[in-house]
Amino acid sequence: MKSIVARQMLVTATDPDREPTAAELDAIDTEMPLIAAEVELLDARITLLDRTPTLLDERRIRRARRRVLAARRALANRPTGAVGGAA
């Protein structure tokens with residue numbers, strides 16, 4: 001019986017203890033305002049799982065949604081660097 005083995009290199013890193021690269025950390029840092037806004041919206045939604053929303057809860061949800069949209073807009077409108085270093 002022949003064994004079935006992949007003939008390609010693995011796409012992902014095999015070392016589970018690999019530290020993030022500087023580029024990955026920069027990408028996380030760039031997206032952090034959006035991540036924080038999405039966490040805030042998630043927290044607001046979680047609080048409403050077991051109760052009827054009040055007027056204050058609805059305001060909190062609207063504010064959190066606006067923050068998410070503003071963070072997405074800011075991230076989308078962020079200028080990107082030239083590829084390859086030449087502009």
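Buried means under 20% relative accessible area, exposed over 50%, and partly exposed in between, with a 1.4 Å probe and protein chains only. This is a predicted model, in which local features need pLDDT of at least 70, side-chain atom pairs count only at pLDDT 80 or more, and totals for chains, interfaces and linings use all residues. Residues are numbered from 1 along each chain as its sequence is written, and side-chain values use heavy atoms, leaving out hydrogens and water.

**View A. Pro33 in helix 1.** Pro33 is exposed, its relative accessible area being 53%. Its C-alpha atom is separated by 6.2 Å from that of Ala71, 38 residues apart along the chain.

**View B. Packing of helix 1 (residues 22-47) and helix 2 (residues 55-76).** Helices are DSSP runs (H or I, at least four residues), numbered from the N terminus. The axes are 9 Å apart and the angle is about 160°; axes are lines fitted to C-alpha atoms over the stretch in contact, and angles run from 0 to 180 degrees between N-to-C directions. Helix 1 is therefore roughly antiparallel to helix 2 (angles over 145 degrees).

**View C. Residues where helix 1 meets helix 2.** Contact means heavy atoms within 4.5 Å.

**View D. The largest nonpolar core.** A nonpolar core is a set of buried Ala, Val, Leu, Ile, Met, Phe, Trp, Tyr and Cys residues joined through side-chain atoms within 4.5 Å. Its 6 residues are Leu34, Ala37, Leu41, Ala64, Val68 and Ala71. Leaving aside neighbours within four places in sequence, Leu41 is in contact with Ile61, Ala64, Arg65 and Val68.

Methods: Helix = DSSP H or I, 4+ residues; strand = E, 2+ residues; numbered from the N terminus. Parallel < 35°, antiparallel > 145°, perpendicular 65-115°, else oblique.
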